[in-house]
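Here is a brief report on charged pairs and a surface patch. Keep the structure open beside the text.

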Amino acid sequence: MHLISTRLKLRRWRPDALVLLTVLLSAMVLMPIAVLGLSWLGDESAVWRHLADTVLKDLILNTLLLLVGVGAGVLLLGVSLAWMVSTLDFPGRRFFDWALLLPLAVPAYVLAFVALDLLDFSGPVQGSLRQWLPFFSGGSVRQPWLVIVSLSLVFYPYVYMLARAAFMVQGRTLMEQARILGLGPYAAFWRVALPMARPAIAAGLALALMETLADFGAVAVFNYDTFTTAIYKSWYHLRTLNAAAQLASLLLLFVLVTLVLERMGRGRARFAQQGGQQMHRVRPRALQRWLLTGYAALVFLAAFAIPVGRLVFWVVDSAWMDLDSRYWGLVTRTFLLGCIAAVATVVLSLLLGYVRRTRRHRLVHAAVRGATVGYAMPGSVLAVGIMLSFAAIDQWLGATFNVRPLLLGGLLALLMAYVVRFLAVAYGPVEAAFERVRPRLVDAARTLGATPAEAVRRVYLPLLAPGVLTALLLVLIDVMKEMPATLLLRPFGWDTLAVRIYEMTTEGEWARAALPSLTLVLVGLLPVYLLMRRMR
């Protein structure tokens with residue numbers, strides 16, 4: 001009977017044009033992954049022998065070291081700071097509650113070159129130490145530990161944000177029950193609060209590790225070879241796109257392992273609201289309170305205040321002279337690319353949200369899920385997959401219709417990389433906005449004689465507007481900061497602020513990279529402001 005019922009349901013359900021568009025969009029997102037898998041059919045044994053003899057071992061070890069180091073760093077910073085602002089009362093807590101999110105606005109490659117400038121042998125820190133301490137000689141800080149520290153300072157807010165929300169949701173009842181059962185404050189944290197917050201912490205850790213795997217600019221500043229730098233070198237130096245694709249597929253394996261570990265870390269645990277009671281904050285002794293303030297201030301200074309202050313100093317000192325037509329051209333192209341990609345991405349996310357809301361079927365859910373996996377793919381991986389896909393399509397069009405290449409070398413490849421990568425970013429707020437549209441409102445509009453198009457225009461769009469604006473803003477900022485995909489896919493003459501920063505930092509022109517960096521930091525504060533409003 002069940003089999004007959006299922007067949008009848010399949011016969012009754014006919015996918016319409018919107019469902020087919022959703023499936024097509026999912027296929028477009030998944031196409032680069034499939035192409036990367038097919039790249040192993042090509043023979044690149046000579047390149048791999050060269051890589052195995054030279055850098056492959058270092059690539060794997062460096063990537064693993066980076067993942068372990070950044071994972072430990074973001075856990076230590078994110079969980080400890082979240083616990084402090086949620087449960088303890090210390091001077092400056094209200095300020096640090098939101099200020100500790102500000103490092104999210106700083107691109108990793110910006111913090112990396114500022115840290116290198118300040119701490120390297122010729123920087124002001126070592127210069128001062130040599131003056132004060134005659135026995136201090138100093139040395140290069142282009143070491144793995146500084147890469148790990150830089151990335152940890154930029155990515156810890158992912159863990160901080162989610163862990164803080166989890167600790168706040170637990171409320172004071174849970175901790176009071178633990179204390180009644182005889183647990184001290186620290187034992188209650190380790191045995192009750194931390195396990196309860198594990199799903200949120202695992203999700204934040206996964207986000208931080210995926211950003212670490214996707215990072216290109218920061219590791220390039222330190223000449224620290226990882227898979228992202230190897231992909232870039234294979235593309236530009238070895239001129240072997242297929243080998244770059246095989247390296248990209250290995251990087252994708254790291255991403256998949258990260259996602260699996262996140263699922264395992266989350267387990268079957270779920271959040272549970274504990275009556276909505278606010279957390280009762282403990283007031284430590286005077287010395288401990290000021291130690292907590294000093295710890296939060298140290299992290300805030302290192303991750304945000306000092307890097308931004310250094311950028312402002314450079315701009316005021318000399319970089320303002322770069323405020324010429326070339327700079328405004330970079331800003332215009334960056335903003336134009338961001339706007340086009342944001343509009344296209346949000347329109348597609350509206351399609352996904354509408355179809356998921358109105359067509360409840362497993363195929364639709366699977367297609368929506370497939371269309372939103374792009375954020376897990378690093379920009380360099382996407383670039384290689386899209387380039388190989390477009391090359392194959394151009395080759396087929398040329399052989400079939402005898403036409404010149406249409407897709408390679410144009411803006412379409414770059415815009416597709418942006419859309420695939422950030423579709424999940426736009427879909428989140430759009431889906432949340434759809435959840436706020438009650439079905440009875442649409443039914444009432446239809447009962448009053450509105451056509452489906454009028455119901456969309458007069459009911460859906462006004463209620464979706466806040467979520468759509470948030471999605472537009474988030475994608476715009478992410479596209480403006482995106483570096484690896486832009487570097488690999490930009491057409492000639494379409495340099496952006498991120499590309500300018502890369503060019504200046506590779507030449508050691510830290511001060512000249514300050515102006516575009518400060519621009520990106522300032523625009524990056526907008527989504528952080530939205531996040532802070534949502535947290536309150």
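This is a predicted model: local features need pLDDT of at least 70, side-chain atom pairs count only at pLDDT 80 or more; totals for chains, interfaces and linings use all residues.

Side chains of opposite charge can pair when their charged atoms come close.

| Pair | N to O distance |
|---|---|
| Arg 310 and Asp 117 | 2.9 Å |
| Arg 512 and Asp 322 | 3.3 Å |
| Arg 421 and Glu 482 | 3.5 Å |

Take the salt bridge of Arg 310 with Asp 117. Arg 310 sits in helix H14 (residues 286-317) and Asp 117 in helix H6 (residues 108-119), so the bridge ties together parts 193 residues apart in sequence. Both Arg 310 and Asp 117 are buried.

Next, Arg 512 pairs with Asp 322. Arg 512 is in the loop between helix H22 (497-506) and helix H23 (514-535), while Asp 322 is in the loop between H14 and helix H15 (325-358), so parts 190 residues apart in sequence are tied together. Arg 512 is partly exposed, at 35% relative accessible area. Asp 322 is buried, at 17%.

Arg 421 forms a salt bridge with Glu 482. Arg 421 belongs to helix H18 (residues 411-435), and Glu 482 to the loop between helix H20 (452-481) and helix H21 (484-489), so the pair links parts 61 residues apart in sequence. Arg 421 is buried, with a relative accessible area of 7%. Glu 482 is buried at 7% relative accessibility.

Now the surface. Val 257, Val 260, Leu 261 and Met 264 form a nonpolar patch there, with about 410 Å² of accessible area together. Val 260 lies in helix H13 (residues 241-266). Is Val 260 buried or partly exposed? At 47% relative accessibility, Val 260 is partly exposed.

Definitions and conventions:
Residues are numbered from 1 along each chain as its sequence is written. Side-chain values use heavy atoms; hydrogens and water are left out. Patches are made of residues with over 30% relative accessible area and no salt bridge: like charges are joined within 9 Å, nonpolar side chains (Val, Leu, Ile, Met, Phe, Trp, Tyr) within 5 Å. Accessible areas come from the Shrake-Rupley method with a 1.4 Å probe; for residues, only the protein chains shown count as cover. A salt bridge is a side-chain nitrogen of Lys or Arg within 4 Å of a carboxyl oxygen of Asp or Glu. Helices (H or I, at least four residues) and strands (E, at least two) are DSSP runs, numbered from the N terminus. Buried means under 20% relative accessible area, exposed over 50%, partly exposed in between (1.4 Å probe, protein chains only).
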